[in-house]
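Reader: I'd like a close look at one part of this protein, please. Could you take me through it slowly?

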Amino acid sequence: MDSVALFFTGALVAGGIYWFLCVLGPAERKGKRALDLSGGSISAEKVQDKYKQYWSFFRRPKEIETAEKVPDFVDTFYNLVTDIYEWGWGQSFHFSPSIRGKSHRDATRLHEEMAVDLIQVKPGQKILDVGCGVGGPMRAIASHSRANVVGITINEYQVKRARDHNRKAGLDALCEVVCGNFLQMPFDDNTFDGAYSIEATCHAPNLEEVYAEIYRVLKPGSLYVSYEWVTTDKFNAQDEEHVEVIQGIERGDALPGLRAYSDIAQAAKKVGFQVVKEKDLAAPPAQPWWTRLKMGRLAYWRNHVVVQILSAVGVAPKGTVDVHEMLFKTADFLSRGGETEIFSPMHMILCRKPMS
């Protein structure tokens, strides 16, 4: 009996570990297993060095304010975090307002569909996803609008992941992904019938530069919508706690510097856009977007234990624990920014390229 009991106890423990690591792995959406965590395009033995390199950018802040340095800075960040984002958050690397009676997944999809509804594209038209990540929004938007979506991301690993997801979703005929810098896009003038960016252009060192590129590749009369990360009118640069929160968000999310909400329309107008509409989608009466971060704290702690175990046994690259801890701390800064209403990740601006 003792040997039988021992056998079943061992089987139960083994099953629990498998469930903890593999089945429960993602906080919400499956698609990336804990056992498959990597450093993106970075070889496993160099992940920790690249993490240290990422933080070294902040010791030379003027370098991450230049167009020449930003691609390396952002590319390094997304090599480090893409797998963790997919595993713990899902394929859409952005926030959305909570909606009563709707799951986080549904709220995310509706937030994405609203973007393409705003730019009024028709089935078969060609639109641009500026900073597409692994393509979560792209697939939702293609399914909803039946438009042909071309996404651009600086990160080669994300291109691979997005193409794999597109194929598995049966949307590769509607979705195309290009590796490139959105400050110098490999597209001809007047190519697209519309464009959108969802929490992506915050990585640009100069908003006017990326808006000018988007303006260039849009057809005259076409619409562009962006959800921007901004400091709100409640942010006080003389308040030490406010500054700590904003700097924490910048350092944990590869941002050259958060912009004030009042800078967005000004930048769009300077490059020639007509501003059709501007609204902070996070402002009341919208439901808090940061509740998912707070509700997910148990999942973050669980995932951190998983990452520590996998790193200790050599499955996850050395340095993965540091990256996950950075993201955990950043989630706290984001929550504090939302609760104090000094930060919004969804300041919406809708623009039109004039006909002439």
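How many of the ten residues of helix 5 (residues 136-145) are buried?

Author: Eight of the ten, so to speak: helix 5 is mostly covered. A quick word on the source: this is a predicted model, where local features need pLDDT of at least 70 and side-chain atom pairs count only at pLDDT 80 or more, while totals for chains, interfaces and linings use all residues. Residues are numbered from 1 along each chain as its sequence is written, and side-chain values use heavy atoms, with hydrogens and water left out.

Now the terms. Helices (H or I, at least four residues) and strands (E, at least two) are DSSP runs, numbered from the N terminus. Buried means under 20% relative accessible area, exposed over 50%, and partly exposed in between (1.4 Å probe, protein chains only).

Back to helix 5: the buried ones are Gly 136, Pro 137, Met 138, Arg 139, Ala 140, Ile 141, Ala 142 and Ser 145. And what covers them? The cover includes helix 4 (104-118) and helix 6 (156-168), along with strand 1 (126-130), strand 2 (148-153), strand 3 (175-179) and strand 4 (192-198). Here, contact means heavy atoms within 4.5 Å. Just past the end of helix 5 sits Arg 146, with a positive phi of about 60°.

Stepping back, the whole protein has twelve helices and eight strands, and 54% of its 356 residues count as buried. Of the contacts between residues at least 6 apart in sequence, 79% join residues at least 24 apart.
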